[in-house]
Amino acid sequence: MTGPVRIRSGVPGLDEITGGGLPANSLVVISGDPGSGKTTMCLQYLFMGATQFNENGVFISLEETEEEIVRAASYYGWDLASLIKSGRLKTITVELYDFDKLKNTIEDAVASVNAKRLVIDPGVIFRLYFERELDARKRIMSLGRMLKRLGCTAWITNEIALDAPMSLFGLEEYVADGVVLMYHTKYQDRFVRSIGILKMRGTTFSEKLHPMILTEHGVHIFADKDLFEQAPPAAANAGKGRGG
Ligand SMILES: Nc1ncnc2c1ncn2[C@@H]1O[C@H](COP(=O)(O)OP(=O)(O)O)[C@@H](O)[C@H]1O
Ligand SMILES: [Mg+2]
């Protein structure tokens, strides 16, 4: 049996916890708390794709200008400006125009740089297009299906409000191939960062929540560590005899 064609994300640890890499052409929703690292990981995905794996990318944002996106990436040492200049990356700032135009804009952008990677950050963009939830659901499903035809591995982020986790109009449940959850949560007297795979069609994946850090190099996932791995208390070991 042959496995799926997989991509290399360029995010340390992510390929390991997704059973060897995300299946190519999948549509993945990255859900997480504010500040959990969604935007960082998306920028990393596009930068590493273009610089290490010869896969061009498109970044679609809401409100954030190209200048702001370039600046955000520069904090991690990722030079997006030169990628844009050399036609390996395209950024698009979405305005509130009609939805069908958005679909065409995405298709054109992907074609213009022959993109293999696509990011929409944040996916809540779509909420602004529709007054009625049902319209939003129908249209975002149709967008999701369109994205899957583009030949890109697409990531859409979803900001989870702390008090009300919300699905992206059902995209996670129905159209998305994968759902990645990122947490930045309080544990005892500190905050901990973690990441886990909730769903990934076409591959096995780690069932664990893995610790991750955000450094000046971006997101780093510890694929071989458990979140609350602790050295056993000294007292517990002290009384144990040494087995022969
Ligand atoms: N150069 C850096 N080194 C380490 N952490 C950084 C750096 N730049 C930003 N951060 C951290 O990244 C976090 C923001 O992550 P971001 O990807 O924007 O999250 P999200 O998109 O999920 O809201 C902030 O908490 C910030 O402290
Ligand atoms: Mg963000």
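These notebook entries record what I looked up in a predicted model of one chain with a ligand.

**Entry 1: the chain overall**

I began with the secondary structure, which comes to seven helices and nine strands. I then noted that the chain has 244 residues, of which buried residues make up 48%. For the accessible surface I recorded about 12500 Å², with 52% of that belonging to carbon and sulfur atoms. I also looked up the contacts between residues at least 6 apart in sequence; 70% of these join residues at least 24 apart.

**Entry 2: the shell around ligand 1**

**Entry 3: polar contacts of ligand 1**

I looked up individual atom pairs at the ligand. A polar side-chain atom of Thr 39 lies 2.8 Å from an oxygen atom of ligand 1. For Ser 36, a polar backbone atom is 3.2 Å from an oxygen atom of the ligand. For Tyr 75, I recorded a backbone N or O atom 3.2 Å from a nitrogen atom of ligand 1. On its own, ligand 1 has 570 Å² of accessible area, and the protein covers 64% of this.

**Entry 4: helix α3**

I examined α3, which spans residues 66-74, and found Ile 69, Ala 72 and Ala 73 buried there. Why do they lie on the same side of α3? I noted that they cover an arc of only 95° around the axis, which puts them on that same side. I then looked up what covers these buried residues, and the cover includes α2 (38-52), β2 (57-62), α4 (80-85) and β3 (89-94).

**Entry 5: Gly 87**

I located Gly 87 in the loop between α4 and β3. Is Gly 87 buried, exposed or partly exposed? I recorded 31% relative accessibility, so Gly 87 counts as partly exposed. Leaving aside residues up to four places away in sequence, Gly 87 touches Asn 56 and Val 113. For Gly 87 and Asn 56, I noted a separation of 31 residues in sequence and a C-alpha to C-alpha distance of 8.2 Å.

Technical notes. Residues numbered from 1 in each chain as written. Chains lettered and ligands numbered in written order. Predicted model: local features only at pLDDT ≥ 70, side-chain atom pairs only at ≥ 80, totals over all residues. Heavy atoms only, no water. Buried < 20%, exposed > 50% of the residue type's maximum accessible area, 1.4 Å probe, protein only. Helix = DSSP H or I, 4+ residues; strand = E, 2+ residues; numbered from the N terminus. Arc of directions from axis to C-beta. Contact = heavy atoms within 4.5 Å. Polar contact = N/O pair within 3.5 Å; in protein donor to acceptor, adjacent residues only side chain to side chain. Areas by Shrake-Rupley, 256 points an atom, 1.4 Å probe, with all protein chains shown as cover.
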